[in-house]
Amino acid sequence: MSVLPLYYALLIGLALPLGLYMGRALDTHRPSVMDRLFGPLESFLMRLAGVDRRLSMTWSAYLLAVLRLHLLLIGLAWLVFMDQGVLPLNPDGIPGMRWDTALHTAVSFATNTNQQHYSGQTQLSYLSQTLAIVTLQFLTPATGLAVLLAITRTLLRRPVATNAGGGVGNYYVDLTRIVVRVLLPLSLIVALILVWQGVPATYQGAQRVTMLDGGALQVIPRGPVAPMVAIKQLGTNGGGWYGPNSTVPLENPTGLSNLIETIALLLIPVASLIAVGVISGRRRLMMGIGVVMIAFSLLTTTMIVVSERLPNAALVGLAVADSPNLEGKELRFGSDLSALWGSWTTQTSNGSVNAMHDSFNPLGGLGLLMDMFVNVTFGGIGVGLIGYLLYLMLAAFIGSLMIGRAPELFGKPLETREMRWISLAILAQPLIILGSTAITVAFPTLAGNSNPGFHGLSQVLYEYTSAFANNGSGFEGLGDATPWWNLTCVVALAVGRFLPMLVPLAVAGWLAGKRTAPQGRGSLAMESGAFVGLTAGVIVIVNLLGFLPALVLGPIAEQLTLP
Amino acid sequence: MPRVDGNGMGENGIEEREMAMMQAHDASQGLRIRPLTLLAESLRRLNPRSLARNPVMAVVAIGTLVCAMYTGMAFAEASGQGIFALIVTLILLATVLFANAAEAMAEARGKAHAGSLRATRGELQARRLTRSGEERVAADRLRRGDRVRVVAGELIPADGEILEGAGSINESAVTGESAPVLREAGTDNSGVSAGTKLLSDELLVEVSVDPGDSLLDRMIALVEGASRQKTPSELALSVLLSTLTLIFLIVVVTLVPLAQFVGISTSPVMLVALLVCLIPTTIGGLLPAIGIAGMERAMRANLVAKSGKAVEIAGSIDTLLLDKTGTITLGDRRATEFAACHGVDPARLRQVAALCSLEDPTPEGRSIVALARAQGDELVAVEASVVPFSAASRVSGLDFADGRCWRKGAPNAIARRVQEAGGRLPADYEALVERISRHGATPLAVAEGARLLGVIALADVIKPGIAERFAQLRQMGVKTLMITGDNPITAAAIAAEAGVDDYVAEATPEQKLELIRAEQAAGRLVAMMGDGTNDAPALAQADLGLAMNSGTQAAREAANMVDLDSDPGKLLSAVEIGKQLLITRGALTTFSLANDVAKYFAILPAIFAASVPALGGLDLLALHSPQSAVLSAVIFNALVIPALIPFALRGVRVHAASASAMLRRNLLIYGLGGLLLPFPAIKLIDLLIGPLF
């Protein structure tokens, strides 16, 4: 019926060996061949940065190191964006960004979101794109994975750690290893394929061509596009060189490039699951998690694909009505491959697009929003699985009670302090998304919508959801380069990134200091089908119950009121 | 199946009796709360202080106020919405009152048990010793360290420890058991409780508690809603429930501008109804009642916890440290076999053994007679003088007028007597003695004059049903560890027969402490029971230390739970009561959350359908009208609380099953059931009230 099952098969086929490789290459507890291969480069980099690689940080030191580095990166990127007009590597003479858009852009890229309130090819210099943006596009997915590794070592690894004061690893060592051993080699491969397929990679300025029809001059922006697109797709980043992202032939020229870029959306998130299984020794737990994620993925992907095969309501009754919804899609890719990309890019918090999400049918838009509310269907690199762990903790709390034990997670007691922080991380999502949406729509001058009514509401809701989920894709149609949008999104971006990522690290750190009950017949079997189902239920209920009214007023109402 | 339904297990006789006793107890104290009292109690709890203890119900109460205000405005403006708003207000008020009633009922049940005891004690008089002599004071003026004299026929005025004397005491006021028990200074049975009656002798008792701190006072504090301390997992669950409440508050508040943006105006009454239906009112309303009822169930099993935490932790126990004697075996050894030597008529051995024991009052002696009778012997009393057992001779028996003498006693002592009397030891005698010892029993030889007849095996008898209970505990993942002073051979035999997971032989009380520490170091939660002063450190170290009420003051103070019946088997009941408490909470939380889905499908279309008729398409239940849809949902939401009160008070049934099986089962019942049940229920209510709206 379609090539979509093939995409899933290829994804898993490629993620499996990559996951096994990552499991070996990133495990700091087991020396491997990769140490000799990459060791010298890593040592050089760490000496350069003055990192003591033998130091194992406590969980709180690790957490602070993450926050410190990100504050520094945001500050630097902010300055670069504002001052790019006077900085080098600016052949097209692009002026500096306004302070609020620059801040939003800096935070957006430092949170692995890549939400863009600007158009890259005309508003960013080469320095901004390569130094600021691409640096962040490498460091942010690496940070997500690094925190996941720290949590794996502290909470998941068997035998379970029981030392209270013990370290969870070294953030800078993890960061370096992930960039050097995983992100750089993979990006190199993908970038080379893209260059082969025709994506530009140059430091020369824009190409100026004289059009055949009447000699008009056209300026075609270009630059080191291919490498950036590679890490944009691989690193759940999403922010492209060009404003319209991978719909532009210069970012995504062929069927093969589309295939590679689509697979790259999910490749590392899926492989991370396998890697954590290898490092922690909890293969069956990870299998259970993988099953839930694949089920969620198939569910919304099917929903979106089916929705986009339906004709666009505006064309009903016309002669072309038999075609799928092709508005806002590249005819090169058609509806299925656009829907698949849309679905995967929202599942992974990537946010790059090869079609305009704003033009999806209402149910397709609903699927995209649901993907981002859940945000743990593979999710962003590292943070997807960390987010899943947050729900797993909730499920373990309820599940323990249901078997008559005081709540525990992997045999370690979950108490009021842990529950308070877990609750806060869960609470933040509706608070920020619904709160910002409510204020914005209450004052229509703030929103600057291109559409009124249900679709207009969907646009605003989508923007904040995308920011909180660190996705970065947009429904667009919003005049969003205003201080209001920029600043409220900065809050959503930062809270949505750091709270769900760091709370599980803190919980893992607290739990490490507690007793560990040996697992037996009387303990919560987290690999069992019942528990996997409970976790899936918790995810659905928490998201469904929180966001259903907003979804009813947005995409669902839009669908039901279609002519 | 071990069932816990309030009175402990019904498996063995002792507990059946207890159960009957307790029920009589209950009936006499009038556990049923009168409807008017219940209403008054529910209304009294509407005061803000009491509501503030429960955030979920506080939100419902505030919602009720909002609706009431809106009702007033609607009537003033004659907008036609007044009646509907009034009805919603009343249902919401009923929701709060139902939750209050649940707590009041649980509290009434708990207090009824403890209350009558307090009443009797208030009138108690004590003879307090002073330097110059003694004075009469009211019992509630006694302080820790005071010494009081109690004479036969008087009630013990306060919890304490006997310093001098011994006496038999009727503890039925505390335990419901009327058979008198012996309490003696300087033994492990030196503790006495207030309100029990001294039947004989005279005691000098040192008071061990200050007023307001006795077992009874602590017991009452655990079931008093207003002063009750929340247990750790109850606190954590409250955090989760408050968070869910906050989430839904955000959802409903933000719904106003969202709806306005798309041109839908929302009615405040409808929104409050939506909010109340979404927040976890079922578990929120029943949570205090579940906690109190858990304490009350422990109390009914005559287990007095010093804190709610102790009851809760019992559910998570991984290892049970059990003393062999009294817990696994029936305290005394019993005759299990008559092994005749080669060439001896077994009937003769039985006869001699039994007749020798006829005048023997010890349980061992009685068991020999009973075994002989059970094997078909008619015992006819004989004319003979009794030679009592002495520690020096280590034998006892009968001397007949014609010079014959029958003896039973320690094998080597009997063997020596036989040889001295010129008899020969049968060839298989040594082998018989050895075989019996090897199986963990004590051999007792029997001789008729110079002829050795054979050997009686006296064995520890495993309590009936105990092996099944250990099997069930193993099923639930609880490890049992037997502690005994016996030699390793005996210990191994008993351990194998009872089916404990592990045992420690020739154990000293000090070793218990070491064992507990070792288990805890492996991450396990350990429970143990003890009575002696030398058990105190271990009782304090254990996560659940259960002291026998008959035990010494030191033991009772070190423990975090006291068993008024002094029955070592109670440890198992404690575990099950703890599990039941936690499962009831988990089950109702799941049920409450799963219910939300159906309520959404009832209310959301109702709120929006008036402005956007197309949204009526979401009304899966095809309810009569928006108003009846909202009313059906809030009525269901309110009624589910009283419907579940009996469930909350009684607790979920605990089945002996592995954790996975339990999780699967409870998820199916309370998760899936909670998801599906409200659909037909709301539809049914709508059918009933639909015609009115």
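In what order do the three strands of the open sheet E6-E5-E8 in chain B pair, and is the pairing parallel or antiparallel? The name gives the order, E6, then E5, then E8, and the pairing is antiparallel. Keep in mind as you look around that this is a predicted model. Strand E6 (181-184) and strand E8 (197-198) of chain B sit at the edges with a single partner strand each, so one side of each has no neighbour in the sheet. Strand E5 (residues 166-170) of chain B pairs with E8(B) in the antiparallel sense over two bridges.

Follow Ile162(B) across and you land on its bridge partner in E9(B), Val205(B). As a reminder, strands of a sheet pair through backbone hydrogen bonds, either parallel or antiparallel.

Now zoom out to the whole of chain B. It has 25 helices and 22 strands, and its C-alpha trace spans about 115 × 65 × 45 Å along the principal axes. Of the 693 residues in chain B, 54% are buried. Take the contacts in chain B between residues at least 6 apart in sequence: 68% of them join residues at least 24 apart.

Leu275(B) has 23 other C-beta atoms within 10 Å, and since the cut-off for being buried is 20 or more, Leu275(B) counts as buried. Who does Leu275(B) touch, leaving aside its neighbours within four places in sequence? The contacts are Gly63(B), Phe248(B), Leu249(B) and Val252(B). Val252(B) is 23 residues away from Leu275(B) in sequence, yet their C-alpha atoms are 6.3 Å apart in space.

Helix H17 (residues 466-475) of chain B shows burial along a helix. Its buried residues are Ile466(B), Arg469(B), Phe470(B), Gln472(B) and Leu473(B). Look down the axis of H17(B) and these buried residues fall within an arc of 160 degrees, so they line one face of the helix. After H17(B) comes Gly477(B), with a positive phi near 85 degrees.

Next, the place where the two chains meet. Chain B puts 60 residues into the contact and chain A puts in 57 residues. On the chain B side, the elements giving two or more residues are helix H8 (232-261), helix H11 (308-314), helix H22 (570-609) and helix H24 (659-676). H8(B) gives the most, with 17 residues. By type, the chain B side divides into 36 nonpolar, 17 polar and seven charged residues.

Cross over to chain A and find helix H3 (residues 59-83) and helix H6 (residues 126-156), which pack at an angle of about 170 degrees with their axes 11 Å apart. Angles over 145 degrees count as roughly antiparallel, and H3(A) and H6(A) are therefore roughly antiparallel to each other. Among the residues that meet are Trp59(A), Tyr62(A) and Val66(A) from H3(A), and Leu127(A), Ser128(A) and Leu131(A) from H6(A). The residues of this contact divide into 14 nonpolar, three polar and no charged.

Most residues other than glycine have a negative phi. Asn112(A), though, has a positive phi near 65 degrees; it lies in the loop between helix H4 (99-110) and helix H5 (120-123) of chain A. Phe378(A) has a positive phi of about 70 degrees and is found in the loop between helix H12 (362-374) and helix H13 (383-402) of chain A.

How values were computed: Residues numbered from 1 in each chain as written. Chains lettered and ligands numbered in written order. Predicted model: local features only at pLDDT ≥ 70, side-chain atom pairs only at ≥ 80, totals over all residues. Pairing = 2+ DSSP bridges. Helix = DSSP H or I, 4+ residues; strand = E, 2+ residues; numbered from the N terminus. Contact = placed C-beta atoms within 7 Å. Nonpolar A, V, L, I, M, F, W, Y, C, P; charged D, E, K, R; others polar. Buried ≥ 20, exposed ≤ 12 C-beta atoms within 10 Å, placed from the backbone. Arc of directions from axis to C-beta. Axes fitted to C-alpha atoms, helices over the stretch in contact; angles between N-to-C directions. Parallel < 35°, antiparallel > 145°, perpendicular 65-115°, else oblique.
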